Amino acid sequence: GLDAPKGLVSDGATLYVSDIDRLVAIDIEKGRISGTWIAEGAIFLNDTALDAAGKVYVSDMISEKIYVLADGALSVLAEGEALQHPNGLNMRDGNLLVAPWGLDLQDDFSTKIGGHLITVDTENGSVASLGSGDPVGNLDGLEPDGNGNWIVSDWIAGAVYRIADDGSKKMLLDLDMGSADLEYIPDQSLLIVPMMLNNTLVA
């Protein structure tokens, strides 16, 4: 019953999935859809995140919106150019972290200005830069490295960076175009990067 599932996040019992213009809940034990919420005005729902209170966040890269599922209803938390075409999402200390694609999106999905990590206030939707605000790239995956920094992938350039809270970056890997929503397992020091255009996983 899914169309083009992308972002995944789980609370242990339920798997939440972004699916083009709707957020879908899947009962993990039963293996079937248990809830669906249409995201009004959505075009390209992408990544998901879950906070300690059980709220689910989902980004729409094209329409520059972030939705939140709270108390059984899906609504817009933040929208506009300040989100820089939001892609990857993650949580830290109650703050929503966003890895944006960038500014001035072109027909070929490149941007004239690369994105940089931002934070979104989960109460009022206000947006702030994480660190300097210097452009990094067309950001996709966003995971903590276990040492207070973030590991992000740049889909267009194929790079994987470690980004500190001051916005400074260090390239960890130089991969092909299409490095997507990565995963990092700290206790194994294991980074896994799906390569969308190659149909491979790099670890």
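**First stop: strand 9**

Select Asn90, which is found in strand 9; helices (H or I, at least four residues) and strands (E, at least two) are DSSP runs, numbered from the N terminus. This is a predicted model, in which local features need pLDDT of at least 70 and side-chain atom pairs count only at pLDDT 80 or more, while totals for chains, interfaces and linings use all residues. Residues are numbered from 1 along each chain as its sequence is written, and side-chain values use heavy atoms, with hydrogens and water left out.

Asn90 is buried, with a relative accessible area of 13%. Here buried means under 20% relative accessible area, exposed over 50%, and partly exposed in between (1.4 Å probe, protein chains only).

**The largest pocket**

Rolling a probe the size of a water molecule over the atoms shows where empty space is left. On a 1 Å grid over the protein atoms alone, a cavity is a set of points where a 1.4 Å probe fits but cannot get out, and a pocket is an open set with protein on both sides within 12 Å along at least five of seven lines; lining residues have an atom within 4 Å of a point. Grid points are joined across faces, edges and corners, and a volume is the space filled by probe spheres set on the points.

Select Lys6, Asn46, Asp140, Ala180 and Asp181, which lie nearest the centre of the largest pocket, among the 29 residues that line it. The elements that give two or more residues to this lining are strand 1 (5-10), strand 5 (45-50), strand 9 (86-92) and strand 15 (139-144). The volume of the largest pocket is about 670 Å³. Its lining comprises 17 nonpolar, five polar and seven charged residues, where Ala, Val, Leu, Ile, Met, Phe, Trp, Tyr, Cys and Pro count as nonpolar, Asp, Glu, Lys and Arg as charged, and the others, Gly among them, as polar.

Which strand gives the most to the lining of the largest pocket? Strand 5 does, with five residues. Within strand 5, select Thr48, which counts as buried at 4% relative accessibility. The side chain of Thr48 reaches the backbone nitrogen of Leu8 at 3.3 Å. A polar atom of that side chain also lies 3.4 Å from the backbone nitrogen of Val9. A polar contact is a pair of N or O atoms within 3.5 Å; within protein, one must be able to donate a hydrogen and the other to accept it, and residues adjacent in sequence count only if both atoms are side-chain atoms.

Move to strand 15, where five of the six residues are buried. Strand 15 pairs with strand 16 (residues 150-154) in the antiparallel sense over four bridges; two strands pair if DSSP finds at least two bridges between them. Glu143 has Ile151 in strand 16 as its bridge partner. The two strands form a hairpin with five residues between them, and Gly146 in the turn has a positive phi of about 85 degrees.

Next, select strand 17 (residues 159-163) and strand 18 (residues 169-174), which run antiparallel and are joined by five bridges. Arg162 has Lys170 in strand 18 as its bridge partner. This hairpin has five residues between its strands, and Gly167 in the turn has a positive phi of about 90 degrees.

**The cavity**

Gly167 also lines the largest cavity, together with residues including His116, Leu117 and Asp134. About 30 Å³ of space lies in this cavity, and its lining has four nonpolar, four polar and one charged residues.

**Two loop residues**

Most residues other than glycine have a negative phi, and most peptide bonds are trans. Select Gln84, whose phi is near 55 degrees, a positive value. Gln84 lies in the loop between strand 8 (73-79) and strand 9 and is buried, with a relative accessible area of 4%. Then select Phe109, in the loop between strand 11 (102-105) and strand 12 (111-114). The phi of Phe109 is near 75 degrees, also positive, and Phe109 counts as partly exposed at 35% relative accessibility.
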